[in-house]
Amino acid sequence: MMSGVHLDGVSKTFGSRTAVRRLDLTVGDGEFFSLLGPSGCGKTSTLRMIAGFDAPTSGRIRIGANDVTFLPPHRRDVNTVFQSYALFEHLDVFGNVAFGLKRRGAPRKEIIQRVGRMLELVGLLGEARARPHTLSGGQKQRVALARALVNRPSVLLLDEPLSALDLQLRQRMRLELKEIQREVGCTFVFVTHDQDEALALSDRLAVLRAGTLAQTGTPEDIYERPADAFVAGFIGVSNVMAGRYAGGRLTLPGGLSFPVPGRPGLGEGARVSASVRPEKIRLGDFEPGMVRVRGTVRESVYGGASTTYLVEVAPGVELSVLEQNADRSRREKRWSGGESVELGWRPEHCLLLDGDA
Ligand SMILES: Nc1ncnc2c1ncn2[C@@H]1O[C@H](COP(=O)(O)OP(=O)(O)O)[C@@H](O)[C@H]1O
Ligand SMILES: [Mg+2]
């Protein structure tokens, strides 16, 4: 059965506050799709409307071929996993996962089979008789996931399901979540404010800003070709340099000037921002054709696999530069504070952006 999710001009207002504004989204069947954006941008409101906990103020929602805009949650082929797992404390792990099937009167044999299969999938077969309070945070989250997936929804909605976990566990659960999604093949709509999580997990994602859609695309689209300064700034370090465009060059207020790629409709003297990602900037090993500017190292931060340098290229404009530490065998900094350095980047790695970060 086709089970994509379609939002068509969906808006949600609470009194005078608009949480979601004319949102158009299409999530493909079987896709891992993320809604990404800062706190308060309307992610949960959007998810609640897809789940059926809230009705849109205007617009339509379809799941597969069905218009579900005003259907109650239990009449939709969806399940939701929240950040707070909300497990039943009086039931053991098996009982928690079996709950939905029991309520629907599924035969005992089928319940045992399906719950067993789910517990295996989330790696909790050995914990079937454990009570929730004896489990770790990661195990609880897996029970919540199994409890939702056992109903075989065609769409699973997840609202920041990993945000209560510590960093290491979160990163491991990410991989597991992706594996589980591949295995069950159901459509995932995943809400997060964590850009790394969204980039790592999603087939495609939507970046929301104040209730409106800023950009949709694959992780590569969003990272390499951000639609505007907001998206560039929200996804990774954007190194935004604001100035004026003239004669194929960007000139910053302090006088620094360098060539930038042109863009249709860009007039002489226009105010624009340019952005170069930290890993695209080199401090040496330049190639022919690279844009080269001079700067002063203000700080260097050792990060194990890489070192980040903050380099001031104009008064008040610092660029973050990421160097892999592959060629260095021990903790040793190539540059220290106050040193004058040359920076280089390939012209195509410089993006011209509209708007403010
Ligand atoms: N039930 C509600 N009543 C009033 N305002 C709400 C309600 N739910 C959400 N909002 C507001 O809508 C906006 C979006 O909220 P939300 O969807 O929870 O954002 P996110 O999940 O991205 O953090 C916020 O300004 C929030 O205060
Ligand atoms: Mg939320």
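**Conventions.** I note that this is a predicted model, in which local features need pLDDT of at least 70 and side-chain atom pairs count only at pLDDT 80 or more, while totals for chains, interfaces and linings use all residues. Residues are numbered from 1 along each chain as its sequence is written, chains are lettered from A and ligands numbered from 1 in the order in which they are written, and side-chain values use heavy atoms, with hydrogens and water left out.

**Aromatic pairs.** I examined Phe32 and Phe190, whose ring centres are 5.5 Å apart with planes at 55°, so this pair is tilted. Phe32 belongs to strand S3 (residues 32-36) and Phe190 to strand S8 (residues 187-192), so the pair ties together parts 158 residues apart in sequence. Strands here are DSSP runs of E of at least two residues, and helices are runs of H or I of at least four, numbered from the N terminus. I then checked burial (buried is under 20% relative accessible area, exposed over 50%, partly exposed in between; 1.4 Å probe, protein chains only). Phe32 is buried at 0% relative accessibility, and Phe190 is buried at 0%.

I next looked up Phe53 and Phe82, a tilted pair with 6.1 Å centre to centre and 40° between the planes. Phe53 lies in the loop between helix H1 (43-51) and strand S4 (58-63), and Phe82 in the loop between strand S6 (78-81) and helix H2 (93-103), so the pair ties together parts 29 residues apart in sequence. Phe53 is partly exposed at 36%, and Phe82 is partly exposed at 34%. I also recorded a cluster in which ring pairs link Phe32, Phe188 and Phe190.

**Charges over rings.** I applied the criterion that NZ of Lys or CZ of Arg is within 6 Å of the ring centre and within 35 degrees of the ring normal. Arg147 lies over the face of Phe88, 5.0 Å from the ring centre. The charged end of Arg277 sits over the ring of Tyr223, 4.1 Å from its centre.

**Whole protein.** I noted 8 helices and 19 strands. The C-alpha trace spans about 75 × 50 × 35 Å along its principal axes. Of the 357 residues, 50% are buried.

Definitions and conventions
Rings of Phe, Tyr and Trp (its six-membered ring) pair if their centres lie within 6.5 Å; planes under 30 degrees apart count as stacked, over 60 as edge-to-face and the rest as tilted.
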